[in-house]
Amino acid sequence: MDAMMSEEYASQSKLLEDFTCVPSIDSAWVFKTSNGDRSTAMFSISQADLLANNTRKHILYSHITRHGTNPLECQWSPFPIEMTGVSVVVPSPSGSKLLVVRNGEKGSCTKLQIVDQSHVDKEIHVDQSIHGPLFIDEWFQGISWNQEETFVAYIAEESPRPKPAFDDAGYRKEGSSEKDCNSWRGLGEWEENWGETYSTKGRPSLFVFDIASGEVRTVRGIAKSLSIGQVVWAPPSSTGHQNHLVFVGWLEHNGFQKTARKLGIKYCSNRPCSLYAIHCPFEEPNAENASLSGGKSDSASVAMNLTPSISSAFFPRFSKDGKLLVFLSAKCAVDSGAHNATDSLHKINWPSDWKTDEHLDVVDVVPPVMCPDDGCFSGLYCSSMLSDPWLSNHCTIILTSAWRSTQVILLVDVLSGKVTRISPEHSDYSWSALAVNGNDVLSVSSSPIDPPQISYGREASMEDHQTRGWVWEEVTSPLMAGSNKVKALLSHHKFSILKIPVTNPCDELSDGGQLPFEAIFVSCEDSSQKPTVLILHGGPHSTSVSSYSKSSAFLASLGFNLLVVNYRGTLGFGEEALQSLPGKVGSQDVQDCLTALDYVIKEGLIDASKVAVVGISHGGFLTTHLIGQAPDRFAVAAARNPVCNLSLMIGTTDIPDWCYAVACGTDAKHLASESPSIDHLRLFYQKSPIAHISEVKAPLLMLLGGADLRVPVSNGLQYSRALRERGGDIKIMMFPEDIHEINLPRSDFESFLNIGVWFKKYLK
C-alpha cells in the first residue's frame, strides 16, 4: 500500500467510525402506570463493538407523560444499561416482570431469569440434555408470556440425537459419557437443516417454563415433520384455564417433488407453513407424567392445524379481548414460487370455549393488491409484526409495511378490512412502529440522510384544528447526541424519490408490470459535477426503502451521489409488478437499472462519466451484469456475495428452487429438480453475468463471506478468476466466518471501508 493509499485508508476509517458509533433502536415496549397520563417506555438499542467483534446491547428507559394535546414530556434514564451476555429480554404484559435469556455456548446450559422490579425472582439453568439455545431470529423466535404471567412458552433447539460411541474394542452399544476419556464420539447421520444462518442449529421445538416451580416441559404431540416458531398463548377459556398454545409450523419436507429436504428459509417467505394449536403441557390430562424428567404422557394432545385451507400463515396475534386471531400469509409467494411477494391479512373468530376438534373458518381481511393506482395502497409487505399490535378497541391493528420506496405505518380495521396510512402522507421519510400505547403509537422515522428519530403519534382531535389524520411529535432522546455528528456530515445532502417510466414495455406485460418504478436519489451540492454510486438491492424480491443506512450514508459523506434503484420485481409496488420479473432476470432488471441511470443523466443531475455500481446477492448479480452488458457506462464496481453463475449455484446453494424461479418464471415449480437438464444448465448460464465476462472493463472489488450457504464463495471466486484470466482488474476480499450478509462488525466495517477507498481511487 503506497503512502497516498495509506492516507486514504486512515481518513476514511476515521470517518466510518463516526457512522459505526451511532446506536440503532431494535425494539421497544410501553407500559401503563398508576398515573393515567404517564407510561413507561423500554427501548432495546444496539451498537457495534469493533474490538470485541460483536454487538453491544443496552436497555434505556423513559417516562412519557401526555396531557391532552399539550406537548409530550419525556424523562429519560441518565444512562443506558448494558446487557452483557444477554441474548434477549422479553417483558411480561404488565411490565412488572422481565424474562432475561442467556443462551449458552456450545455444550453449556441456557440460563433463564425472571426479574421483578427489585430483584431476580427466579433463575434456572436448562441443561443441553433438555434443550439447546433459544431461537432469537426473526422467523423461529417465539417467546410468549401467558396473561397471568405464570408461564412462558418459547422455541429452543431440540437436544441433538445421541452420537455413536467408540473405544479400543470398537462400537459401544451402551454409549458413553461425553467426558469419558477412554472413548470418542462419531458424527452419525447428517441431518437436513434450514440453510443460511441455521446450519449449526438444532430442530426448533416448543417448551413451556412454569415460573413458580422452575420446571421446563416439552410440548409433545407435534409431528416430527414440523419445525416450530412464533408461539403465542391462546386466551383463557371461559372456565379460566390457559388451555392452548398457537404456533407456526413449517413443513420440513419441502424439497423438490416433496422430498425430505429443508430448503433455505432465511429471506424466503415462500416456505409452506400453517398455524397449529395444542394443549399447554402443564394442563393436559395426566400432565404430571409429561415432564421432561419423567415419561411421556399416554394421553398427550395432538397439534391441530388451524389453517389447512391456506398455504401460508404466520405472525399469529390474539386481540386483547380474545375474540379475534389475526395472522399474515405469504400465499402469493408460496403459490407462485417467488421467494417473497405481496402479503395478505386474515382472521379467525376465536370461540370462548374452543375444542380441538372444532373447525374454524379463515376470513380474508386484506387481500393482495395486484395493480395499485398511483399514490394508493399497494399491498402489505411486512417483515415483522409487533408482539402487541392492537389498539384499545380490540379490532384495529398497527402494521409497518413497505409502500413503494418508503416504509409506512398502517392502521387496519380487522372487521371491515379498511387500511389507513397514519404516518405522514406527504413525507418521503420511512417510518416504523415500535410499540402501541393504548390508542397511541411509538415510532421511529429516518431518511437516507437523517439518522433514526423517535416520534409519538396520536389520532388528531378537534383541539388540534384538524378534521382527520394523526399528529406526530418528535421525542427528544439521548440517542440524538450520537447522531449529531453524522447529521452534520450529511447536512449539505438532499434526497428525493424519482418515478422512472418503463421504456418500451412489451405487450405481454401485465398492467402492473408497465407502471413506473422508482429510485431514491441522494445528491451532494453540485451533484452534476460529483461521482455517483448506483446501489442495487438483493432478492430480487426485496426493497430499498428511504430509511437511514449506515453504509449508504458513509458513501454519501465521501462526496458521492447515490442512486438507489427499486427495479420492477421489488416489494411494495403491487403483485403484478413483482411477478413481471421471474423468468426475465438479467434483462428486465438490468434494463431498469440503465433506464434509471439514463433518467438522472438526462435531467442533468449527475456526471455520466463518473458512475460506480455496488450490490449484494441479486444486487451483485446486477452489478456484474451491468459491467458486462454496459461496460462503457461504469468506471468501477464492487460486488458483495454476488450471483455470477446460476449453473454453478444450482448445485451448491441452500435455495436451488430460487435459480429455477428467477430463470424459468411461472414454470419453475414444475421444472425444478436436483439434477437439472442440460437445457436448463444452458439457460442458467445464459442468464448469468459470467456469460458477459469477456466485455468487462471496470475494476471490480469482490467481497465474499466464507460461510455463505446462500451464494457460496465458489460463485464469486470462479467469476473473479475468470476475469483475472482475461486481464481484468480484480481485488478479492474474503471474510472466512461471515455468512451471506457479511455482517460481523469488523467485516462490515472493513468491507465498506474498502468499497469507499476503491471507489475514490477510480472516480477521481
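This is a predicted model: local features need pLDDT of at least 70, side-chain atom pairs count only at pLDDT 80 or more; totals for chains, interfaces and linings use all residues.
What covers the buried residues of α4? The cover includes α1, β34 (517-523), β35 (532-536), β36 (561-566) and α13.

Helix α4 spans residues 550-557 and is mostly covered, with seven of its eight residues buried. Those buried residues are S551, S552, A553, F554, L555, A556 and S557. After the helix comes G559, and its phi is positive, near 100°.

Now take one of the covering helices, α1. How do α1 and α4 pack? The angle between them is about 140°, and the axes lie 10 Å apart. The crossing of α1 and α4 is right-handed. On the α1 side the contact uses Q12, L15, L16, F19 and T20, and on the α4 side K550, A553, F554 and S557. By class, that contact holds five nonpolar, three polar and one charged residues. The spacing along each helix has a simple background. An α-helix has 3.6 residues a turn, so residues three or four places apart point the same way.

Helix α1 (residues 3-20) also packs against α13 (residues 745-762). Here the angle is about 130°, with the axes 10 Å apart. That value makes α1 oblique to α13. This crossing, of α1 and α13, is right-handed. From α1 come M5, E8, Y9, Q12, S13, L16, E17 and T20. From α13 come F749, F752, L753, N754, G756, V757, K760 and K761. The residues of this contact divide into seven nonpolar, five polar and four charged. Q12, L16 and T20 of α1 are named in the contact with α13, and Q12, L16 and T20 are named in the contact with α4 as well.

In the loop between β35 and α4 sits P540. A cis peptide bond joins G539 and P540, with omega about 5°. Two residues elsewhere also call for a look at their backbone angles. Most residues other than glycine have a negative phi, and most peptide bonds are trans. Against that background, S617 has a phi near 60°, a positive value in a residue other than glycine. S617 is placed in the loop between β37 (611-616) and α7 (618-629). Is S617 buried or exposed? Its relative accessibility is 13%, so S617 counts as buried. The second case is Q230, with phi near 55°, again positive in a residue other than glycine. Q230 is found in strand β18. Q230 is buried, with a relative accessible area of 5%.

G619 is placed in α7. Its relative accessibility is 0%, so G619 counts as buried. What does G619 touch, not counting residues up to four places away in sequence? The partners are L536, H537 and G538. G619 and V643 are 24 residues apart in sequence and 8.4 Å apart in space, C-alpha to C-alpha.

Return to β18, which runs over residues 226-233 and includes L226. L226 is buried, at a relative accessible area of 4%. Apart from residues up to four places away in sequence, L226 touches R203, G249, W250, L251, E252 and Y276.

Finally, the cores. Which residues touch the most other members of the largest nonpolar core? That core has 71 residues, and L306 and W350 touch the most other members. Leaving aside neighbours within four places in sequence, W350 is in contact with A234, P235, V246, L306, F318, G322, K323, L325 and L360. A second, separate core has 62 residues, including V600, F621, I690 and V713.

How values were computed: Residues are numbered from 1 along each chain as its sequence is written. Side-chain values use heavy atoms; hydrogens and water are left out. Axes are lines fitted to C-alpha atoms, for helices over the stretch in contact, and angles run from 0 to 180 degrees between N-to-C directions. Helices (H or I, at least four residues) and strands (E, at least two) are DSSP runs, numbered from the N terminus. Angles under 35 degrees count as roughly parallel, over 145 as roughly antiparallel, 65 to 115 as roughly perpendicular and the rest as oblique. A crossing is left-handed if the near helix is turned anticlockwise from the far one by less than a right angle, and right-handed if clockwise. Contact means heavy atoms within 4.5 Å. Ala, Val, Leu, Ile, Met, Phe, Trp, Tyr, Cys and Pro count as nonpolar, Asp, Glu, Lys and Arg as charged, and the others, Gly among them, as polar. A nonpolar core is a set of buried Ala, Val, Leu, Ile, Met, Phe, Trp, Tyr and Cys residues joined through side-chain atoms within 4.5 Å. Buried means under 20% relative accessible area, exposed over 50%, partly exposed in between (1.4 Å probe, protein chains only).
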